[in-house]
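Hi,

Here is the structure I promised to pass on. Have a look at it first, and then read my notes below.

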Number of protein chains: 2
Amino acid sequence: MAKEITGMSEDYSQWYIDIVKKAGLADNSAVRGCMVIKPYGFAIWENMRDQLDRMFKETGHVNAYFPLFIPKSFLSREAAHVDGFAKECAVVTHHRLMNAPDGSGIIVDPDAKLEEELIVRPTSETIIWHTYKDWINSYRDLPLLINQWANVVRWEMRTRLFLRTAEFLWQEGHTAHATREEAITEARLMQKVYAQFAEEYMAMPVIQGYKTPNERFAGAEDTLTIEALMQDGKALQAGTSHFLGQNFAKAFDVKFLDEQNKESYVWATSWGVSTRLVGGLIMTHSDDDGLVLPPKLAPTKVVIVPIPKPAPEINDVAEKIMRALRSKGISVIYDTDDKKRPGFKFAEHELKGIPVRIGIGKRDLENNQVEIARRDTKEKTMQTLDNVEQYVQELLADIQQNLFNRALQYRTEHTTKVDNFADFQDVLDSKGGFIEAHWDGTTETELKIKELTKATIRCIPNDAVEEPGKCVFSGKDSSRRVLFARAY
Amino acid sequence: MAKEITGMSEDYSQWYIDIVKKAGLADNSAVRGCMVIKPYGFAIWENMRDQLDRMFKETGHVNAYFPLFIPKSFLSREAAHVDGFAKECAVVTHHRLMNAPDGSGIIVDPDAKLEEELIVRPTSETIIWHTYKDWINSYRDLPLLINQWANVVRWEMRTRLFLRTAEFLWQEGHTAHATREEAITEARLMQKVYAQFAEEYMAMPVIQGYKTPNERFAGAEDTLTIEALMQDGKALQAGTSHFLGQNFAKAFDVKFLDEQNKESYVWATSWGVSTRLVGGLIMTHSDDDGLVLPPKLAPTKVVIVPIPKPAPEINDVAEKIMRALRSKGISVIYDTDDKKRPGFKFAEHELKGIPVRIGIGKRDLENNQVEIARRDTKEKTMQTLDNVEQYVQELLADIQQNLFNRALQYRTEHTTKVDNFADFQDVLDSKGGFIEAHWDGTTETELKIKELTKATIRCIPNDAVEEPGKCVFSGKDSSRRVLFARAY
């Protein structure tokens with residue numbers, strides 16, 4: 001199995017696709033740019049979704065569901081938004097099919113043309129703020145802290161499984177607040193929730209920062225982001241949280257009466273993460289043998305393999321270990337297929353990224369031992385049967401931490417301070433990664449750098465320190481470094 | 001609040017809409033026929049979904065996700081399917097918008113016409129069986145037991161919140177099997193799972209049966225159904241499970257090699273329930289004071305109301321009760337709003353269908369007592385503080401059971417054996433409900449009865465007994481009674 005995976009150093013792009021397909025995560029579909037998320041890939045997404053959902057609920061949010069379709073006219077209500085989003089969309093123009101009069105098959109019924117075209121939501125600010133107008137009258141209706149799990153469609157021309165697909169799954173939070181400060185606090189809170197999720201569950205270190213005006217969400221006053229670094233030195237925007245000011249409230253006329261009976265426009269945020277995170281997870285940890293999963297998100301945490309095949313005394317021990325692990329909430333499977341050799345199974349389970357493998361052989365059992373292998377480092381140890389579940393539990397925690405540490409170390413080694421443009425280009429081409437450099441604050445410079453190097457400003461880090469310097473491109477004054485990278 | 005609800009006996013339809021809207025379950029949207037599911041309605045759906053998802057996984061199913069769009073040509077592959085489904089659909093014809101050259105707004109870019117139109121899935125058999133062709137080669141790939149939670153769109157002309165909407169949420173299971181028998185067993189298993197869910201969680205008794213050829217799903221060889229009776233005497237099809245034979249395997253050329261290396265077409269099932277169940281839940285239990293929810297699906301099981309308003313000694317007791325209930329996994333809220341009188345709050349919580357209300361007043365506390373009211377019967381009792389949580393836990397179980405019993409009694413009283421057509425029409429018009437009558441087995445008779453009375457054959461019950469008789473309409477021979485009703 002594993003040998004069919006293209007080497008990471010040979011062709012990173014193909015390595016990624018090989019892992020996605022051969023580990024059974026997703027596949028292309030008959031519809032251009034849309035993917036099929038296969039059961040194993042979906043199980044990972046479910047684990048992500050369930051944990052995020054818990055975190056959203058713990059911070060006071062509730063779920064709701066808004067229509068898939070948006071009337072075309074809604075998209076033009078918010079001026080900046082239409083420029084950013086109204087272009088590459090799936091447009092519904094008709095509502096009926098019919099049998100072709102000539103018997104050649106089915107055709108679109110020309111009489112069933114919609115009066116106004118409907119857009120398949122690329123994001124839902126417009127339809128949601130249209131709805132909020134009915135829901136918000138007074139300060140007592142605020143804040144509204146609503147999230148939705150949904151599919152969205154953006155007609156991307158160049159797609160890549162999980163990372164950029166025409167249809168993808170995501171959550172979009174849309175909150176409404178009485179004051180500017182409260183909305184800003186909310187946007188920051190959700191950035192922190194995303195960062196916590198990325199680091200504690202995905203074991204993927206992220207930089208928290210905010211976007212330049214040029215990189216902001218269409219319609220936002222401020223876009224907060226979490227940025228991760230992949231193993232090929234390219235950045236991945238992993239989640240964004242937008243402070244929308246009163247832009248959508250004004251576009252959809254959403255006002256409220258405050259306690260003094262004064263009417264004001266409502267303040268808004270929106271924030272989202274998507275199935276793109278699955279792509280980020282893969283590219284943060286996996287290796288040439290296949291997927292590597294952090295235990296907290298792995299659908300199966302432990303696999304037990306009988307060596308060389310099932311036998312009564314081995315099965316008994318396996319059953320006992322499974323009961324013990326399950327009682328601790330650790331998911332485990334027993335691979336009893338007797339048509340495959342152990343070595344073949346090992347490669348399969350490594351490809352799938354199962355964090356821990358327990359091999360049970362008759363000879364080892366005589367010594368009251370089993371072999372335990374960890375997927376991240378591929379180290380194996382012999383453990384006495386007496387404390388297997390305790391050992392496995394600690395090992396899973398250790399793997400989780402090790403994956404984070406390893407990714408953090410990679411990022412540290414691939415974050416470079418650069419002070420002139422020759423070095424900037426050189427670092428990008430030689431080692432890639434994040435570049436900390438001074439920038440003069442203009443969109444003009446930002447775009448020129450992008451044009452010349454394909455690097456963009458990923459963010460201005462929240463913890464950027466004040467440090468006088470000269471822009472790496474224009475030489476003009478700058479007060480702090482920003483984070484550049486080539487990005488997905 | 002409650003007094004704004006139209007009486008059930010006055011106008012059942014309006015009563016239903018009043019409950020949906022005033023209890024905050026759902027609302028109409030800006031898009032014709034599409035609803036907004038509000039947080040409280042969505043929380044009920046989440047509880048349903050989570051429980052069903054557990055039951056699906058316990059019976060060996062896994063989740064996956066397939067594209068929202070279906071190429072138009074796919075729909076015409078299965079002849080019966082196209083007739084049943086290909087008509088009222090949302091059709092995507094373009095993939096880009098542009099600014100109108102005259103500056104009048106945004107328009108559909110005429111250059112961005114799709115080569116082949118895409119249909120927003122009304123159900124996913126076609127795209128899924130197209131995919132299964134790539135996944136299934138050998139008997140070792142079978143069975144495939146896959147479910148998907150998704151939104152689907154059917155361009156319904158007359159819509160009603162939850163019961164019939166252009167877009168709705170549902171799950172659709174699509175399984176593939178090596179043998180006819182195994183597929184039939186699967187279809188029956190899922191009918192049982194649905195029935196168990198309806199009865200044990202929704203407290204909604206259902207009749208399990210199978211559809212007449214005329215009422216079958218388009219493309220199915222057999223459609224199994226669960227049918228419930230609403231409080232206005234109309235039936236609701238609450239879930240269906242289809243044995244699809246080899247129809248979709250043949251249409252999409254999905255074959256497998258069996259253990260003898262012989263090639264055969266794969267056998268299929270599909271099965272689904274939708275947000276329509278929320279409508280069924282409302283219409284099974286609710287009353288003129290609002291929503292009535294079975295405790296197992298209620299987002300909030302208990303509400304505590306301080307009488308007349310919060311005070312330190314009341315808060316202390318409330319906190320203690322909340323801790324005790326939460327430790328038993330019972331969701332509870334404490335209504336501390338001091339701007340509303342208790343009577344007003346009572347009406348609000350009744351409207352929302354919260355199963356149990358605990359009123360804590362100072363005078364009662366002096367006697368070490370609180371007042372406990374149950375939503376289903378509106379009975380109140382005084383309980384000593386010492387065993388409140390034990391009492392509440394038992395009360396919740398009792399409410400769950402009572403709601404089921406009450407609905408079962410209603411159904412029993414509204415199920416009538418009828419042996420001539422005059423009685424048939426009379427029963428339908430006077431008391432409604434299910435009618436057990438003989439039918440000659442022809443589609444012709446079935447359609448005539450429908451034309452004359454609007455009643456349809458809901459199902460041939462699984463447990464129908466052999467009983468010779470004469471068709472209630474044609475007088476021809478019949479071997480058992482079938483179940484008629486007017487239906488949603």
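Before the notes, one term: two strands pair if DSSP finds at least two bridges between them. Helices (H or I, at least four residues) and strands (E, at least two) are DSSP runs, numbered from the N terminus.

A word on what you're looking at: this is a predicted model, in which local features need pLDDT of at least 70, side-chain atom pairs count only at pLDDT 80 or more, and totals for chains, interfaces and linings use all residues. Residues are numbered from 1 along each chain as its sequence is written, while chains are lettered from A and ligands numbered from 1 in the order in which they are written.

Let's start where the chains meet. Strand E5 of chain B (residues 91–94) pairs with strand E5 of chain A (residues 91–94), antiparallel, over 3 bridges. In that pairing A:Val91 stands opposite B:His94. E5(B) also pairs in the antiparallel sense with strand E8 of chain B (residues 113–120), again over 3 bridges. There, B:Val91 has B:Ile119 as its bridge partner.

The whole contact involves 51 residues from chain A and 51 residues from chain B; residues are in contact if their C-beta atoms, placed from the backbone, lie within 7 Å. On chain B's side, 33 of these are nonpolar, 10 polar and 8 charged.

How are the two copies related? Chain B superposes on chain A by a rotation of 180° with 0.0 Å of shift along its axis, at an RMSD of 0.0 Å. That is the relation of a two-fold axis.

Now for chain A by itself. Its domain assignment (bounds come from an automatic or database assignment) gives domain 1 (2–285), domain 2 (300–395) and domain 3 (415–485). The C-alpha centres of domains 2 and 3 of chain A are 49 Å apart.

Chain A has an open sheet of 11 strands with mixed pairing, in the order E3-E9-E10-E16-E13-E12-E11-E24-E27-E23-E22. Its edge strands, each pairing on one side only, are E3 (62–63) and E22 (415–417) of chain A. Within chain A, E11 (residues 207–210) and E24 (residues 456–461) run antiparallel, joined by 2 bridges, and A:Tyr210 stands opposite A:Ile460.

Another open sheet in chain A has 5 strands, ordered E18-E17-E19-E20-E21, also with mixed pairing. At its edges are E18 (332–334) and E21 (380–384) of chain A. In chain A, 4 bridges join the antiparallel strands E19 (residues 356–361) and E20 (residues 369–374), with A:Gly359 partnered by A:Glu371.

Happy browsing!

Conventions. Two residues are in contact if their C-beta atoms, placed from the backbone, lie within 7 Å. Ala, Val, Leu, Ile, Met, Phe, Trp, Tyr, Cys and Pro count as nonpolar, Asp, Glu, Lys and Arg as charged, and the others, Gly among them, as polar. Copies are superposed by least squares on the C-alpha atoms of residues with pLDDT of at least 70 in both.
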